[in-house]
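Me: Could you walk me through reading side-chain contacts in a model? I would like the general idea and then the case at hand.

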Amino acid sequence: MENELINETTWWQRNKKWFIPVVLLLLAGMAFLFSGNKYMGDFAQAYTDMPLFENALEKVKDNKEALQLLGTIKPIDKMTIAEGAVEYSDDKNNITATVTIKGSKTKAKMDIIANRQGSGWSYSLLKVRTKKPVQEIVILKD
């Protein structure tokens, strides 16, 4: 038998092909998140304003027509907000948002327009819309 030399490579030599692109992507992602992007700030603000969405959902649950269409409505989770659309005014006193709500029969989009009133919110528009069947129910409109 011959003793052959085994060339051992370092961790860096084995992994630099994937390590460098992954680090660059992570840095780009972090730069995007912390760049002061208005929309990322709006989503962060929406996470702290969960009562806004929960109170709107309670108003939907009180509507007989919406319950008949959707069935039993499930609570809103934080990921639902991230999947929706949220836009605050510059002074954070007005919001326009769309989030998905799920019922036992079908799912729908809940559209919200609200104004901050002290520590709470006053809704100027609250509606629910579905695709199948195509239907729109206005819960509240000022």
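Reply: Happy to; we will take aromatic pairs and then salt bridges. Keep in mind that this is a predicted model.

Me: Let's start with the rings. How many aromatic pairs does a search of the whole structure find?

Reply: The search turns up five aromatic pairs. One of them joins W18 and F19, with 6.0 Å from centre to centre and 80° between the planes, an edge-to-face arrangement. Planes over 60 degrees apart count as edge-to-face, so 80° qualifies.

Me: Which geometry do the rings of Y88 and W121 show?

Reply: That pair is tilted, because the planes meet at 55°; the ring centres lie 6.3 Å apart.

Me: Which parts of the chain does the pair of Y88 and W121 tie together?

Reply: Y88 belongs to strand 1 (residues 85-88) and W121 to strand 4 (residues 120-130), so the pair connects parts 33 residues apart in sequence. Y88 is buried, at 2% relative accessible area, and W121 is buried as well, at 16%.

Me: Now the charged side chains. What is the general idea?

Reply: Side chains of opposite charge can pair when their charged atoms come close. Here the structure holds four salt bridges. Among them is the one between D49 and R116, at 3.7 Å from N to O.

Me: How many residues separate K61 and E58 in helix 3?

Reply: Three, which means about one helical turn lies between K61 and E58. Their salt bridge has its closest N and O atoms 3.8 Å apart. K61 is partly exposed, at 25% relative accessible area, and E58 is partly exposed, at 41%.

Me: Which residue forms a salt bridge with K127?

Reply: E136 is the partner, and the closest N and O atoms are 3.6 Å apart. Look at the accessibility on each side: K127 counts as buried, at 19%, while E136 counts as partly exposed, at 46%. The buried class covers values under 20%, so K127 at 19% falls within the class.

Key
Residues numbered from 1 in each chain as written. Predicted model: local features only at pLDDT ≥ 70, side-chain atom pairs only at ≥ 80, totals over all residues. Heavy atoms only, no water. Phe/Tyr/Trp six-rings, centres within 6.5 Å; stacked < 30°, edge-to-face > 60°. Helix = DSSP H or I, 4+ residues; strand = E, 2+ residues; numbered from the N terminus. Buried < 20%, exposed > 50% of the residue type's maximum accessible area, 1.4 Å probe, protein only. Salt bridge = Lys/Arg side-chain N within 4 Å of Asp/Glu carboxyl O.
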